Amino acid sequence: MDWGMFQKIVRQLYKPVSVSLHLFGEPLLYPYLREAIELLKSRKHTVSITTNGILLEERKVDLKKADQIIWSYNSQAKISYDTARSFKHFIVRSIRQEQNPGIERWAKWPNREARDLHNYGGSIDLSSYGVPSTVKRWPCYHLWLAPAVSLKGTILACCADVDEKLVLGNIEEKSISEIWNSHEARQLRWEQLNGHFRKPCKDCDVWKSYPNIF
């Protein structure tokens, strides 16, 4: 993301919120990562980062002010216990349907979580992965609490919409607040509350990764 674009987004956050710096990519590749975290923290926001960890040892100094580091477990990442302990909150996250070689080394780590694979808006066929199905679905919390901003300033209804099929607007044209409270956004919420799910939501199963807040 262009640094000017990032600053523009931060200026539109009118109250402290939780900001996750990891949409469709590896955040530790971002050249302005330390500046991004410091800017957010100077405005009292909470910063969360999900990473594959491969560059974690190299960039750990840039992450010192982050509130939460989620390591999406990758056996290629060589992370020491000392590094993990140096962060405020370090979570080891694994996927139940993956082999995760070497993860037993983290068996005694206090902050661990395992998740099922999700299908990224219906773009992945999970039938052969043994992912448990859920009979009754509920509305996805993303539409209420978690707007996603792409690197070009596009506001998406969900962070799982990799192909940007459900675009609500762009911050170059309207503010985040205007887009998030627009007729289109409110219509999407109304539809889900009434059991109507348009694509890509119709084929998505990300909603089951989060509690039913309704």
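A crossing of two helices is called right-handed if the near helix is turned clockwise from the far one by less than a right angle, and left-handed if anticlockwise. Keep that in mind while looking at this predicted model, where the crossing of α1 and α2 is right-handed. The contact between this pair draws on W3, F6, Q7 and V10 from α1, and on E35, A36, L39 and L40 from α2. Sort those residues by class and you get six nonpolar, one polar and one charged.

How do the two helices lie against each other? The axes of α1 and α2 cross at roughly 15° and come within 11 Å. Angles under 35 degrees count as roughly parallel, so α1 is roughly parallel to α2.

Now step back to the nonpolar core. The largest one has 27 residues, and L21, I49, L63, F90 and W106 are those with the most contacts inside it.

Which residues does I49 touch, leaving aside its neighbours within four places in sequence? Its contacts are L21, H22, P27, L28, L33, I37, L63, Q68, I69 and I70. Two of these, L21 and L63, are also listed among the residues with the most contacts inside the core.

That isn't the whole story, though.

How values were computed: Residues numbered from 1 in each chain as written. Predicted model: local features only at pLDDT ≥ 70, side-chain atom pairs only at ≥ 80, totals over all residues. Heavy atoms only, no water. Core = buried A, V, L, I, M, F, W, Y, C linked by side-chain atoms within 4.5 Å. Buried < 20%, exposed > 50% of the residue type's maximum accessible area, 1.4 Å probe, protein only. Contact = heavy atoms within 4.5 Å. Axes fitted to C-alpha atoms, helices over the stretch in contact; angles between N-to-C directions. Helix = DSSP H or I, 4+ residues; strand = E, 2+ residues; numbered from the N terminus. Parallel < 35°, antiparallel > 145°, perpendicular 65-115°, else oblique. Nonpolar A, V, L, I, M, F, W, Y, C, P; charged D, E, K, R; others polar.
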